[in-house]
Amino acid sequence: MGARRASKDTGSASEDTGSAADGSGGKDTDRHIGRRALLAGTAVAAVGAAVLARDELGRLWWRVPGVEKPRKAGAVDYTGAKWVAASSANWRRADRPDDFGVDMVVIHVTQGSFDSAVKVFQDPGHGAAAHYIVRKDGHITQMIRELDVAYHAGNRDYNERSVGIEHEGFVDRPEDFTDEMYAASARLTARICARYDIPVDREHIIGHVEVPGTDHTDPGEGWDWDRYMRLVRDAAAGPTAGTQRAGRT
């Protein structure tokens, strides 16, 4: 969260309802189309729909009005994380990476305790939350699915394309960033990078302070980027780095 809490992503995505324009004020161009032409057109459309690639249909079906992709309550994207749901006011339902590509991890510091971060992310009036919080002892809590857009970066584009990870502590107290925290967070980031084919470098793993338009300072000068990136690279090179994939549950 840094010096101040993250700004809410107030931009709303337009809904593709699938409805056509009503043609008010225009000619009724379908009036003189023959029945045979209509039947032929319908047949062609049916054949066209039948040959659409399965993965394309998988990306489109959930957009139909009233249809939502089923999910399992309490499911997590990272093995070992504990699920604690953030307020639905602090994130936006999505189907990443099918609708928004994920190519970034944003590192935050809570500017407070772990418990206080959980509390504010469950507060609908807070207007912000991250996908994960890493505690000083290395415990990881997931509060928003990676499928969804968390309001964590204060920048709509960055929210849509990133996973946000909070770390318990204060930016001016590097002693808050324990060995256990660094190690656990690095493993988490490595798994996220493997899941979405994100390069393990400082262009794609950034601090909140580096997000355009933000006035936040986290993770601060006390965050050891050299150490952290080394740990992420080591974890990414491990035998299990690429084995875990985000579920669609």
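Predicted model: local features only at pLDDT ≥ 70, side-chain atom pairs only at ≥ 80, totals over all residues.
Local features of the model are reported at pLDDT of at least 70 and side-chain atom pairs at pLDDT 80 or more, while totals for chains, interfaces and linings use all residues. Residues are numbered from 1 along each chain as its sequence is written, and side-chain values use heavy atoms, with hydrogens and water left out.

The secondary structure comprises six helices and eight strands, taken as DSSP runs numbered from the N terminus (helices: H or I, at least four residues; strands: E, at least two). Along the sequence these elements follow the pattern α-α-β-β-β-α-β-β-β-α-β-α-β-α. The protein has 249 residues, of which 41% count as buried; buried denotes under 20% relative accessible area, exposed over 50%, and partly exposed the range in between (1.4 Å probe, protein chains only). Contacts are defined by heavy atoms within 4.5 Å. Among contacts between residues at least 6 apart in sequence, 77% join residues at least 24 apart.

Helix α5 spans residues 179-196 and contains 18 residues. The distance from its first C-alpha to its last is 26 Å, close to the 26 Å expected at 1.5 Å a residue, where the expected span is 1.5 Å times one less than the number of residues. Of the 18 residues of α5, 14 are buried. In an α-helix there are 3.6 residues a turn, so residues three or four places apart point the same way.

The largest nonpolar core has 29 residues. Such a core is a set of buried Ala, Val, Leu, Ile, Met, Phe, Trp, Tyr and Cys residues joined through side-chain atoms within 4.5 Å. Within the largest core, the residues with the most contacts are Tyr132, Ile140, Leu188, Ile192, Ile205 and Tyr228. Two or more residues are contributed by each of β3 (104-107), β4 (132-134), β7 (162-167), α5 and α6 (225-236). Helix α5 supplies the largest share of this core, nine residues. Another core, of 12 residues, lies apart from it and includes Val84, Ala86, Ala130 and Met143.

Ile140 is in contact with Tyr78, Gly80, Ala81, Lys82, Tyr132, Ile133, Val134, Ala184 and Leu188. Thr141 belongs to strand β5 (residues 140-142) and is buried, at 2% relative accessibility. The contacts of Thr141 are Lys82, Val84, Phe114, His131, Tyr132 and Ile133. Strand β8 contains Ile206, which is buried with a relative accessible area of 5%. Ile206 touches Met104, Val105, Val106, Ile107, Tyr158, Val211 and Trp225. From Ile206 to Val105 the C-alpha distance is 6.4 Å, at a sequence separation of 101 residues.

The second largest pocket has a volume of about 180 Å³. Pockets were located on a 1 Å grid over the protein atoms alone, as open sets of points where a 1.4 Å probe fits, with protein on both sides within 12 Å along at least five of seven lines; lining residues have an atom within 4 Å of a point. Grid points are joined across faces, edges and corners, and the volume is the space filled by probe spheres set on the points. The lining consists of 14 residues, with Arg71, Trp83, Trp91, Arg145 and Asp148 nearest the centre. By class, eight of the lining residues are nonpolar, one is polar and five are charged; the nonpolar class is Ala, Val, Leu, Ile, Met, Phe, Trp, Tyr, Cys and Pro, the charged class is Asp, Glu, Lys and Arg, and the others, Gly among them, are polar.

Most residues other than glycine have a negative phi, and most peptide bonds are trans. A cis peptide bond joins Arg96 and Pro97, with omega about 5°; Pro97 lies in the loop between β2 (91-92) and β3. A cis bond also joins Asp218 and Pro219, with omega about 10°, and Pro219 is in the loop between β8 (205-207) and α6. Gln111, not a glycine, has a positive phi of about 55°. Gln111 is located in the loop between β3 and α3 (114-121) and is partly exposed, at 28% relative accessibility.
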